[in-house]
2 protein chains.
Amino acid sequence: MTSHLDLRPLWAATSIAVIGATERVGAMGRLPLEYLIKHGFDGFIAPVNPKGGEIFGMEAFASMASVPQHIDLALIMVPAQLVKDAVRDCADAGVNVAIVMSSGFAEVDKEGAAAQQELVDIARTKGMRIVGPNCIGSVGGAHKVLATFSPVFSSESTPLPDGRIALVSQSGALGFGALSLGLERGVPIGIAITTGNEADVTATEVAVQLAQDPDVDAVVMYVESLGNLDSLAQVAATKPIAILKAGRSAAGAEAAASHTGALASPDKVVSAALKQYGIARVDNIDELLDVASMFASERIIGGPGVGIVTTSGGSGILAVDAIEKEGLVLANLDQSTVSDLEQIVPSYGNATNPVDVTAAVMAEPGLFERCVDRLADDPAVNAIVACFAVLVGKDVDRIATALHELRDRTGLPVAAVRTGAAALAPEGAEVLKRAGVPVYPTPERAVAALRALVTANTRVSRSFNVLSPSEIPTPSPGASEKELKELLAKSGLPIPESILVSEAAQVLNAVDTVGGRAVLKAVVPGLLHKSDAGGVVLDVTTERAVKTFTTLKAMGGDVLVERFVPGGIEVLVGISGSSMGPVLTVGVGGVLTEIVASASVRLLPVDRVDIEQMISETALDQLLAGARGSQPSDRKALVTLIETLAHGVRNWPTGCELDINPVTVLERGCWVLDAAYVSPQTD
Amino acid sequence: MTSHLDLRPLWAATSIAVIGATERVGAMGRLPLEYLIKHGFDGFIAPVNPKGGEIFGMEAFASMASVPQHIDLALIMVPAQLVKDAVRDCADAGVNVAIVMSSGFAEVDKEGAAAQQELVDIARTKGMRIVGPNCIGSVGGAHKVLATFSPVFSSESTPLPDGRIALVSQSGALGFGALSLGLERGVPIGIAITTGNEADVTATEVAVQLAQDPDVDAVVMYVESLGNLDSLAQVAATKPIAILKAGRSAAGAEAAASHTGALASPDKVVSAALKQYGIARVDNIDELLDVASMFASERIIGGPGVGIVTTSGGSGILAVDAIEKEGLVLANLDQSTVSDLEQIVPSYGNATNPVDVTAAVMAEPGLFERCVDRLADDPAVNAIVACFAVLVGKDVDRIATALHELRDRTGLPVAAVRTGAAALAPEGAEVLKRAGVPVYPTPERAVAALRALVTANTRVSRSFNVLSPSEIPTPSPGASEKELKELLAKSGLPIPESILVSEAAQVLNAVDTVGGRAVLKAVVPGLLHKSDAGGVVLDVTTERAVKTFTTLKAMGGDVLVERFVPGGIEVLVGISGSSMGPVLTVGVGGVLTEIVASASVRLLPVDRVDIEQMISETALDQLLAGARGSQPSDRKALVTLIETLAHGVRNWPTGCELDINPVTVLERGCWVLDAAYVSPQTD
């Protein structure tokens with residue numbers, strides 16, 4: 001993990017230059033100055049404008065070269081054609097980070113992309129980092145860096161960002177929109193940074209450095225693309241991170257050449273990768289802000305067990321539905337807890353989880369407090385969701401105080417659900433806000449935020465206990481099935497004996513050699529789905545051998561004569577590429593591949609525990625266990641095969657696809673029956 | 001459809017009695033009087049209290065008998081033990097509807113349930129309807145009926161409900177909580193009614209009568225249980241209805257005896273039934289309110305095609321993701337539309353759907369308006385989603401006005417998405433509110449609300465073109481497979497010939513009679529999953545017949561010798577019961593039943609179009625079409641079989657289960673290979 005925080009000026013600059021500064025109303029270059037002054041940036045501001053003079057009463061400099069002191073952060077806000085010179089001036093002046101806000105680069109055309117690359121090349125010569133171009137800048141931090149032209153800060157209603165949550169967004173407009181929505185909702189976002197075209201600095205890199213800042217408790221992100229997450233994953237092990245990844249549908253629409261490609265859709269890989277790394281994936285901006293509130297309140301949760309206290313049966317049922325949907329656990333209360341609760345809860349309420357104290361809380365002070373206290377002491381309860389729908393005024397105030405005290409006493413994550421107008425109890429809302437107890441309008445949103453916290457607390461071990469299996473050499477492009485299988489066999493994968501036959505005269509002998517019952521396969525370069533094309537004939541004995549050979553030979557290649565392995569559960573094992581690294585796919589294989597479409601994916605590397613989990617997530621779990629009274633299959637052998645393969649391909653080039661379909665799993669042992677390889681070049 | 005509106009006093013009473021009226025602060029019986037007076041109920045109020053005198057300056061009556069005029073609506077707010085007398089007094093006085101707000105009935109214990117039934121019995125003698133007990137009452141309507149003790153209306157911040165949307169809730173607390181949240185968000189809910197224990201009046205019945213009121217445009221509901229929806233379905237054909245049905249998880253936890261029961265989980269049946277009836281199902285209170293806003297704006301949508309205009313690329317991508325998720329269609333724009341848009345949209349924007357006008361709208365007045373106008377004229381566009389994230393002040397105002405005008409000009413549903421603080425542009429918000437254009441914080445919520453509108457516009461034909469197939473007699477409880485198949489065969493279902501054999505000596509002859517290749521099945525009463533238990537042996541010829549017979553006979557019953565039907569795609573067809581009526585299940589059958597777990601459900605009746613749709617929703621679609629190069633199977637024969645069955649069982653008693661698994665579908669024809677029946681009594 002790097003601890004080099006060269007992007008820190010984005011939220012902690014003490015000197016800011018604005019290239020293209022002006023007082024002219026309506027000009028982009030006026031706004032950061034206006035915001036910095038209004039919100040009291042406590043460092044040095046250098047307006048830069050060729051005309052010099054004064055801007056907002058400050059000395060304006062004709063060029064970066066004439067600025068008399070070191071500049072941490074430069075905002076480049078000049079027309080596209082002037083950006084290159086501005087970047088050079090900044091780099092020459094020793095600026096640490098330049099935010100290029102100007103548009104007109106890679107988002108327009110190829111020439112723009114080339115111009116954008118030039119900016120990076122110039123900056124790199126002096127070690128300057130570039131954010132953008134085509135971004136809206138950054139805001140926040142202790143020094144009140146308002147390095148943006150976002151209109152959000154021209155409104156008197158927008159407060160200065162304040163809090164220990166950092167927001168990073170590839171989209172400028174959506175990022176600042178989410179920020180303003182969050183500030184209005186009381187989400188404690190203290191820093192917001194947008195990365196635009198990402199010529200140099202990526203959102204992931206910003207997130208990594210933010211998470212290393214002791215003043216940042218958690219990071220929430222909006223991204224449209226994700227690169228390698230290794231460094232972020234390491235940070236995620238210490239601080240909660242949540243990501244809204246857009247483009248699910250576009251991802252799904254991509255064509256896929258192989259079964260593995262079809263099953264490991266890019267969006268499925270994103271979900272799997274984020275979960276592997278303990279990063280919460282959220283589905284929309286509401287949820288991103290909800291999760292930010294939860295992360296601001298809590299970083300640690302002991303497990304997935306949720307205790308619910310409600311004043312309305314309906315909210316309780318909805319909370320239980322949400323817990324099931326999100327994969328959390330409705331805490332199974334100890335009998336002693338239930339007995340104690342029965343003494344507190346009215347007879348027409350419910351003393352088991354979800355605990356329904358009913359509207360009796362309005363008449364009986366202390367009822368809610370005693371219930372929630374007792375519930376929180378149950379060892380199965382890792383978090384509390386407290387739902388109160390129609391309560392008003394002092395009833396809400398009392399519950400708010402109780403939740404505040406509960407959280408301080410127990411350290412448990414507490415989420416309040418108020419399905420009712422905020423105006424019904426403004427003081428209670430204030431108590432909860434001061435206490436840092438997150439408040440949601442529905443049980444579903446509270447439970448989703450808790451689920452994100454549970455994910456962020458999933459510490460997937462990324463250190464592996466590997467039986468140091470040998471590396472599998474990278475197949476040559478266009479490798480035949482025979483060549484591929486020889487490669488795999490050498491690495492210890494179980495491959496049935498086979499003989500490549502090109503003349504009818506050799507067939508009988510070959511069938512005999514592999515044991516008298518053979519599979520005959522057409523070996524035709526480029527034919528991926530041999531079965532569909534009629535290129536595979538099973539269980540061929542010497543009687544049928546010559547005739548079958550002749551038919552297959554007519555397809556245009558040679559014929560592979562392979563020992564026939566009868567029966568077994570058919571499994572697909574695949575390797576493919578993604579922007580985040582190589583992906584392993586394990587699922588139901590053979591003729592059922594598309595029909596069942598049950599597969600699990602993971603980023604490599606994986607260990608046996610991961611592989612066991614992958615199998616459990618698919619219909620293979622049931623198939624291997626022996627459906628409908630049949631004998632169980634050798635799951636352990638399958639896990640070993642997958643492990644050997646997953647580690648063996650660790651140095652294969654990015655983007656290659658290997659499709660092993662099927663592996664057949666018998667009562668004892670398993671066998672690779674078919675394999676196909678697509679090299680990155682031909683993909 | 002009934003047009004009898006006997007529940008109308010709940011929202012349109014002109015005379016209200018409060019039994020248990022008092023001025024005492026803190027007493028339940030004070031609140032409705034306080035609310036009725038404060039909000040200006042324009043009818044007659046009769047406080048009823050044995051002490052008589054004056055309450056809030058109005059004459060209080062010692063009993064209902066002494067109230068001098070007819071009472072439409074009575075609120076019974078006395079302790080549980082006094083409710084019975086109060087109900088009798090109201091019934092005797094000719095009250096139309098009594099709301100029993102008191103708790104202490106079926107929600108407590110069996111005695112309470114019995115007492116509750118007594119109330120209904122008393123009311124029925126005089127034709128009075130009872131709402132509750134254990135409910136929070138109703139509010140709204142032109143006369144300002146505030147027939148509730150909900151604390152929501154004790155807050156000065158709560159406005160009088162106003163609008164053409166009606167809300168019905170089985171939960172009182174959640175219902176009034178949702179109402180107050182909705183009113184705060186500007187959702188035009190004009191009527192809210194809670195039904196509590198539903199001793200007499202159900203939420204569904206209330207919804208039916210509300211929907212018949214010309215002042216109500218749409219109904220949204222929260223329910224925990226759903227009964228027969230036939231009458232609601234008829235209303236849904238004229239006005240939009242949305243339902244939040246709680247208890248997904250509880251439903252899923254129920255044990256299921258048969259495959260059909262397992263595949264047709266109660267929650268899946270609810271989803272299917274609501275969709276069949278054109279009723280939108282929503283997942284949480286946020287969505288219920290979002291959909292209410294949409295229904296308040298629009299009742300008609302021409303199709304699922306959505307056009308997106310956005311000022312932020314990010315919001316556009318999220319909207320596209322949401323359209324795919326919700327099953328709507330990203331409108332495929334005509335080339336002429338794209339050409340025209342290319343003339344308007346900046347080069348760094350996007351002139352195809354989603355149309356990205358970029359932040360250039362801030363600098364160029366009219367840009368947004370021209371884009372959205374041109375987009376709306378494309379014939380593929382049935383609705384517009386307009387996203388604007390960081391815009392403030394006059395930019396939002398301008399867009400708001402444009403959307404308002406667009407909606408008036410085109411009549412298209414328009415949803416605005418403002419992912420940003422409301423305070424950034426309060427006037428724009430006001431313009432949209434006045435125009436009745438619904439505003440959502442995220443694209444996902446706007447698209448989900450549009451999806452509900454599309455569902456509400458799905459006019460599923462509930463009139464059927466049936467080949468008047470014969471009715472299948474109800475099987476006797478414990479009917480054997482043989483008896484069951486004879487019953488089905490008589491109704492024209494394709495059943496292979498079979499002979500029941502109880503002596504080894506008859507077996508050879510039987511196998512010969514059915515064609516020389518037979519299936520032998522153990523016929524053991526109560527054995528549902530014969531295959532799992534080893535009770536089915538396929539393809540038995542005369543050689544193996546006696547030995548196989550002996551083995552099966554040892555399982556304790558007789559043996560059925562049936563003609564062997566080789567090959568084919570195996571299908572499950574099942575009939576089961578639900579609170580909403582009988583359910584048809586069609587899915588992948590045979591050994592793959594649980595592994596693939598791909599099934600579709602519908603409430604009966606269905607026609608061929610429904611059955612075709614059901615097949616298309618499952619993996620059968622692909623299997624029947626001929627996966628991996630195999631021949632297609634006789635889908636038409638399967639549809640006919642299912643149609644014959646679905647109509648044949650129309651008079652079977654509620655709750656019986658029929659499990660036909662598998663039907664095997666061949667290249668020509670299909671055959672019922674196994675059938676099991678569970679009568680309601682033994683279930």
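I count a residue as buried if 20 or more other C-beta atoms, placed from the backbone, lie within 10 Å of its own, as exposed if 12 or fewer do, and as partly exposed in between. The model is predicted, and I take local features at pLDDT of at least 70 and side-chain atom pairs at pLDDT 80 or more, while totals for chains, interfaces and linings use all residues. Residues are numbered from 1 along each chain as its sequence is written, with chains lettered from A in the order in which they are written.

Entry: Asp230(B). I found Asp230(B) partly exposed, because 15 other C-beta atoms lie within 10 Å. Asp230(B) belongs to helix 7 (residues 230-236) of chain B; helices (H or I, at least four residues) and strands (E, at least two) are DSSP runs, numbered from the N terminus. Its C-alpha atom is separated by 8.5 Å from that of Met580(B), 350 residues apart along the chain.

Entry: helix 20 of chain B. I noted Ala545(B), Thr548(B), Phe549(B) and Leu552(B) as buried in this helix. They lie on the same side of helix 20 because they cover an arc (of the directions from the helix axis to the C-beta atoms) of only 110°. On the other side, Glu543(B) and Thr550(B) are exposed.

Entry: the side of chain B that touches chain A. I looked up the contacts (C-beta atoms, placed from the backbone, within 7 Å): 69 residues of chain B meet 69 residues of chain A. Helix 5 of chain B gives the largest share of this side, 9 residues.

Terms used
Two residues are in contact if their C-beta atoms, placed from the backbone, lie within 7 Å.
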